[in-house]
Amino acid sequence: MNQRYRPITRLGLGGTGLGDMYHTTSDDASIATVDAAWDAGIRYFDTAPHYGAGLSEHRFGQALRRRARHEYTLSTKVGRLLAPHLPGEIQAPFVGAMPFRRVIDYSADGVRRSVEDSLQRLALGSIDIVYVHDLSPDMFGHEFEHYYRIAAGKGGAFEGMVKLREEGSIKGWGLGVNTVEPCLRALRDSDPDIFLLAGRYTLMETTPLAELFPLCARRGAHVVLGGPFNSGFLAGGEHYDYRPASQEQHRHRERLRQVASRHLVDLAAAALQFGLAHPVVTATIPGASSPGHLRRNATLMHMEIPAAFWEELRAEGLVPLDAPLPPRKAKA
């Protein structure tokens, strides 16, 4: 088995905030956020055409083009082509957009065009990792099977990704999704290197432990965790999976907070560090839309958390028995 490509650093910067998710962010603040990430030692940056209809990619390109390209990992996504459109198409949870509308395309030709378009928006010479974006039941409902068959079939996105990797145009590919099922199917139907899985392996839920993580370990595939705070919920917000949190989710968070309070632990730090303890997880990429937010994430990553905190979470049934627990001090 070939060595799979993985991001340069364990902590990355997710690009939803630079695409105006939930609130507007200025170009200057976006560039300052990326600069703050660089100063904090972060060398993995993730974006997508979907984030602000190209806005996030454009801002990352502005911020990164003066950096040496070999010094960082950059990932983006395919599955949505951007067509010129005035005014720009606003899609929740994004509140801003460049003058484009999104067009779903999971074909091999669409993949190649999407990568070429992303390079133009970024104004950079290469992309390291490309994820097939939102190929998932939570995105398409009853139409998921239709789109999955296109992506996994002859002339589909998976075939196109493998060809781009073989050509050396990209170093790795996988899926960028919010659910486990498509990742399992992709591993059985093709040869992905890495998955960006958002919100499914956190202190709120650990679904991938049952099947996905063991299969990734057998296949040598890596996992990047998006949404380690479950849309900011574990960091004190009120959204969970981009929607208002339920009463049950609030109750679960309150139980976590009580344990954290007893051990003088910042729950957000525990949430950020928890996922990285699993051996198939290679990085985590919380979003940030300001330098202050970014610096807080970097600080949380290095906070020391006592073993007794993790042990109590396990004893209270808040962490599964088979979930690996972080060391006393998080690794860089």
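**Aromatic pairs and nonpolar cores**

Let me start with Phe45, which, not counting residues up to four places away in sequence, touches Leu13, Val34, Ala37, Trp38, Phe60, Leu64, Tyr72, Thr73, Leu74 and Ser75, where contact means heavy atoms within 4.5 Å. This is a predicted model, in which local features need pLDDT of at least 70 and side-chain atom pairs count only at pLDDT 80 or more, while totals for chains, interfaces and linings use all residues. Residues are numbered from 1 along each chain as its sequence is written, and side-chain values use heavy atoms, with hydrogens and water left out.

Phe45 is, together with Val132 and Leu203, one of the residues with the most contacts inside the largest nonpolar core, which has 87 residues. Such a core is a set of buried Ala, Val, Leu, Ile, Met, Phe, Trp, Tyr and Cys residues joined through side-chain atoms within 4.5 Å, and buried means under 20% relative accessible area, with a 1.4 Å probe and protein chains only. The element that gives the most to this core is helix α10 (residues 267-274), with seven residues; helices here are DSSP runs of H or I with at least four residues, strands are runs of E with at least two, and both are numbered from the N terminus. A second, separate core has nine residues, among them Tyr44, Ile129, Val224 and Ala283.

Turning to the rings, the structure holds 16 aromatic pairs, where rings of Phe, Tyr and Trp (its six-membered ring) pair if their centres lie within 6.5 Å, and planes under 30 degrees apart count as stacked, over 60 as edge-to-face and the rest as tilted. One of these is Trp38 with Tyr72, an edge-to-face pair at 5.9 Å centre to centre and 75° between the planes. Because Trp38 lies in helix α1 (residues 27-39) and Tyr72 in the loop between α2 (55-64) and β3 (73-78), the pair ties together parts that are 34 residues apart in sequence. Trp38 and Tyr72 are both buried.

What is the angle between the planes of Phe233 and Tyr240? The planes stand at 85° and the ring centres are 5.7 Å apart, so this pair is edge-to-face, and both residues are buried. One aromatic cluster is formed by Tyr201, Phe213, Phe274, Phe309 and Trp310.

Two of the rings already named also carry a charge over them, which requires NZ of Lys or CZ of Arg within 6 Å of the ring centre and within 35 degrees of the ring normal. The charged end of Arg43 sits over Trp38, 3.8 Å from the ring centre, and that of Arg253 over Phe233, 3.9 Å from the ring centre.

Definitions and conventions: Buried < 20%, exposed > 50% of the residue type's maximum accessible area, 1.4 Å probe, protein only.
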